[in-house]
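Let's take a walk through a protein chain together. Have a look at the picture first, and then we'll go from the whole chain down to single residues.

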Amino acid sequence: MNTHAAGGGTALKEAAPENPENTATRKDDAPKDPLGFLPLDGAAKQAANWIAVALGVWLLLNGVGMIGDGFKMVAGDQAKELFSFAENPFVGLAIGVVATAIIQSSSTTTSIVVGMIAGGLPLSIAVPMLFGANMGTSVTSTLVALGLAGNKTQFKNGFSMATVHDFFNLIAILIFFPLEIFTGFLSRTASAIAPSLSGQGEGVVAGAFEAIGDGLDTITEPLVALAGSLVSPLGDMWGGIVLSIIGIALILWSIQFIGNLLNALLVGKAQEILYAALGKNSFVGLLSGAVITTLVQSSSTTTALTVPLAASGKFEVRTLFPFVVGANIGTTVTGLIAAFAVSGADAEAAMAGALVHTLFNVCAAAVILGIPFMSKLPPAGSDWLAGLAVKNKLYVFLWIGGVFFAIPILAVFISNALT
């Protein structure tokens with residue numbers, strides 16, 4: 001593997017930043033603690049924060065359950081017919097891109113889709129949405145870089161760092177989306193693994209995961225059942241819609257709440273992991289990005305750590321590139337957690353959907369980072385776009401509007417016209 005592209009020592013302009021706080025998030029800009037209003041400190045405050053994280057995860061799991069039950073109430077056995085407009089994979093892809101670009105969280109989109117699968121949405125319709133979620137979430141880093149527009153050099157470096165995520169996801173979709181359409185490689189692989197993880201298969205592993213699933217079902221069923229009983233007087237149609245909306249709202253709030261808490265608890269540790277990995281190889285960078293994102297449950301945090309480093313000129317985009325690729329993998333953990341909340345006949349399908357998202361990101365990382373000429377393409381593309389953006393900021397808005405909104409919507413119209 002090319003060491004320059006892979007983030008080896010030759011890519012470093014300096015051995016290390018003189019002071020990490022000068023090139024990344026300063027102490028004064030550290031994430032605000034959501035429980036800062038509590039009159040606690042020390043061990044008691046730490047305990048309260050971790051209890052709140054557990055509460056947030058519980059609410060996330062309840063939200064997934066509510067979406068599943070609500071979708072079942074609305075669709076019954078007609079889930080495929082209800083989403084027949086999305087049977088065209090390009091439509092599903094566009095839905096995933098646009099929805100995630102608006103929500104600004106692929107974890108949220110994945111959790112919602114997992115809930116819909118639990119409610120009967122066919123995996124074949126859900127998979128393209130998960131592909132789209134990967135692309136849609138990268139708009140966040142592009143918007144972050146706009147804050148550097150006052151300084152041309154910093155803006156060029158920072159915008160290149162931000163959009164390398166876009167180019168990676170575009171290339172990944174160009175490779176694996178057609179592969180999935182024609183062979184079903186990812187969905188077949190995920191479906192083969194899912195029975196054991198969802199507790200539907202045989203053996204010790206399946207038994208262990210079945211116990212986990214049963215435990216989660218026990219702690220989430222009361223609230224989901226209560227919400228279902230409260231909306232039941234509205235009838236299946238409106239009751240299901242309201243229950244699904246409540247579930248979506250819970251997922252949106254809980255993921256933001258968990259992210260804020262974990263940022264306040266762990267952002268220092270995330271920075272330590274980042275700096276420890278700088279100057280090493282692609283695998284270490286990839287693993288570090290995945291660990292950081294899993295810790296703080298937000299790929300935006302990984303971007304927030306890398307964009308200022310690139311903007312400062314201390315590190316090249318090629319050095320930091322593996323971190324954002326690792327973030328793609330780390331952010332899939334939320335969907336896997338959500339899938340564990342599903343029980344019964346739909347548990348296997350929900351787990352398969354979450355696994356598709358994970359496998360897509362792992363395989364994309366292996367192919368693009370593992371093949372030397374492929375690993376050079378995203379940084380080359382982002383450098384080219386950053387050069388255009390420095391000359392005229394109009395290119396920034398054309399990129400955001402075109403890639404994340406106009407092109408997906410146009411693809412829907414074209415695909416519908418051809419069918």
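Residues 24 or more positions apart account for 82% of the contacts in the chain with a separation of 6 or more, where a contact means heavy atoms within 4.5 Å. What you're looking at is a predicted model, so to speak of local features needs pLDDT of at least 70 and side-chain atom pairs count only at pLDDT 80 or more, while totals for chains, interfaces and linings use all residues. Residues are numbered from 1 along each chain as its sequence is written, and side-chain values use heavy atoms, with hydrogens and water left out.

The secondary structure comes to 18 helices and zero strands; these are DSSP runs numbered from the N terminus (helices are H or I, at least four residues; strands are E, at least two). The chain has 419 residues, and 53% of them count as buried. Buried means under 20% relative accessible area, exposed means over 50%, and partly exposed is in between, using a 1.4 Å probe and protein chains only.

Now for the inside. A nonpolar core is a set of buried Ala, Val, Leu, Ile, Met, Phe, Trp, Tyr and Cys residues joined through side-chain atoms within 4.5 Å. The largest one here has 93 residues, and V114, F131, F159, M161, M351 and F404 touch the most other members. Helix α16 (residues 347–370) gives this core its largest share, 13 residues. Apart from this core lies another one, of eight residues, including L35, V53, I258 and L262. As for M161, its contacts include V307, A310 and F321, leaving aside residues up to four places away in sequence.

How do α14 and α16 sit against each other? The axes of α14 (residues 317–330) and α16 come within 8 Å and cross at roughly 160°. Axes are lines fitted to C-alpha atoms, for helices over the stretch in contact, and angles run from 0 to 180 degrees between N-to-C directions. That angle makes α14 roughly antiparallel to α16, because angles over 145 degrees count as roughly antiparallel, under 35 as roughly parallel, 65 to 115 as roughly perpendicular and the rest as oblique. On the α14 side, F321, P322, V325, N328 and I329 make the contact, and on the α16 side N361, V362, A365 and L369 do.

Last stop: A227, which sits in helix α10 (residues 204–231). A227 counts as buried because its relative accessibility is 8%. A227 touches M66 and L243, not counting residues up to four places away in sequence. The C-alpha atoms of A227 and N62 are separated by 9.8 Å, though the two residues are 165 residues apart along the chain.
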